[in-house]
Amino acid sequence: MGKRQGKLRVVLDTNALVSALLFGGEPGRLVSLWESGRIVPLVSRDVLLEYLRVLAYPKFGLGTDDIKSLVEEHILPFAEMVVVDHAPHVVLDDPGDDKFLALVLAGSADFLISGDKHLLALERYHGADILTPRNFLARPESAET
């Protein structure tokens, strides 16, 4: 696996990231894991653009400054930027999900954290387990990291 220096390398799909940042609760524990350096969130250009697009949805009530602050204070300082050269075509029912699989592959991720049924149905992709935030947080290696 891509585990380096004891840190788990994770890809968070958009719903997992938004839940962690905006709604706290159990998914909010992910923020403390990456801010304490115990997990490393991987980000690609396409994934970051998706995060920004979704955080701008009116239902979240975030202004441009709020979004900039969230990204600059709670994501970018802790994330590893990964260059993705190739996007696989795996999720036929929702090709937009392929950007997360491309990041898993390019970044040698240990886990893809998602609430998306298309991604969860895969269970595993190139050595990375695909889990809900709750199932990821329940794993022993999540607690030990």
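A residue counts as exposed when its relative accessible area is over 50%, and as buried when that area is under 20%. By that cut-off H126, at 55% relative accessibility, is exposed. The structure is a predicted model. Its protein chain holds eight helices and six strands, and 46% of the 145 residues count as buried.

**Overall build**

- Read from the N terminus, the elements follow the order β-α-α-β-α-α-β-α-β-α-β-β-α-α.
- Contacts between residues at least 6 apart in sequence were examined in the protein chain, and 62% of them join residues at least 24 apart.
- The protein chain has an accessible surface of about 7,400 Å², and carbon and sulfur atoms account for 52% of that surface.
- The largest nonpolar core has 44 residues, and the members that touch the most others are L30, W34 and F136.

**The sheet**

- The six strands make an open sheet with mixed pairing, in the order β3-β2-β1-β4-β6-β5.
- β3 and β5 (residues 124-125) are the edge strands, each pairing on one side only.
- Helix α2 packs on this sheet, where α2 touches β1, β2 and β4 (residues 111-113).
- The direction of α2 makes about 100° with that of β2.

- β2 spans residues 39-43, and five of its five residues are buried, so the strand is largely enclosed by the rest of the structure.
- β2 pairs with strand β1 (residues 8-12) in the parallel sense, over three bridges. Within this pairing, I39 of β2 is the bridge partner of L8.
- β2 also pairs in the parallel sense with strand β3 (residues 80-81), here over two bridges. L42 stands opposite E80 of β3.
- P41, a residue of β2, is buried because its relative accessibility of 4% is under the 20% cut-off.
- Leaving out residues up to four places away in sequence, P41 touches V10, L12, W34, F78, A79 and E80.
- P41 and L112 are 71 residues apart in sequence, with a C-alpha to C-alpha distance of 9.7 Å.

**Helix α2 and its packing against α1**

- The axes of helix α1 (residues 14-23) and helix α2 (residues 25-35) come within 7 Å of each other and cross at roughly 90°.
- α1 and α2 are therefore roughly perpendicular to each other.
- On the α1 side, the contact is made by L17, S19, A20, L21 and F23. The α2 side contributes G25, P27, G28, L30, V31 and W34.
- The buried residues of α2 are G28, L30, V31, L33 and W34.
- L30 is in contact with L12, A20, I39, I113, P133, F136 and L137, with neighbours within four places in sequence left aside.
- G37 follows α2 and has a positive phi, near 80°.

**A buried glutamate**

- E50 is part of helix α3 (residues 45-55).
- E50 is buried, because its relative accessible area of 16% is under the 20% cut-off.
- Not counting residues up to four places away in sequence, E50 touches T14, K99 and F100.

- E123 is not a glycine, yet its phi is positive, near 70°.
- E123 sits in the loop between α6 (residues 117-122) and β5.
- E123 counts as exposed, because its relative accessibility of 58% is over the 50% cut-off.
- H126 is likewise not a glycine and has a positive phi of about 45°.
- The loop between β5 and β6 (residues 128-131) contains H126.
- H126 counts as exposed, because its relative accessibility of 55% is over the 50% cut-off.

Key: Residues are numbered from 1 along each chain as its sequence is written. This is a predicted model: local features need pLDDT of at least 70, side-chain atom pairs count only at pLDDT 80 or more; totals for chains, interfaces and linings use all residues. Side-chain values use heavy atoms; hydrogens and water are left out. Buried means under 20% relative accessible area, exposed over 50%, partly exposed in between (1.4 Å probe, protein chains only). Helices (H or I, at least four residues) and strands (E, at least two) are DSSP runs, numbered from the N terminus. Two strands pair if DSSP finds at least two bridges between them. Contact means heavy atoms within 4.5 Å. Accessible areas come from the Shrake-Rupley method with a 1.4 Å probe; for residues, only the protein chains shown count as cover. A nonpolar core is a set of buried Ala, Val, Leu, Ile, Met, Phe, Trp, Tyr and Cys residues joined through side-chain atoms within 4.5 Å. Axes are lines fitted to C-alpha atoms, for helices over the stretch in contact, and angles run from 0 to 180 degrees between N-to-C directions. Angles under 35 degrees count as roughly parallel, over 145 as roughly antiparallel, 65 to 115 as roughly perpendicular and the rest as oblique.
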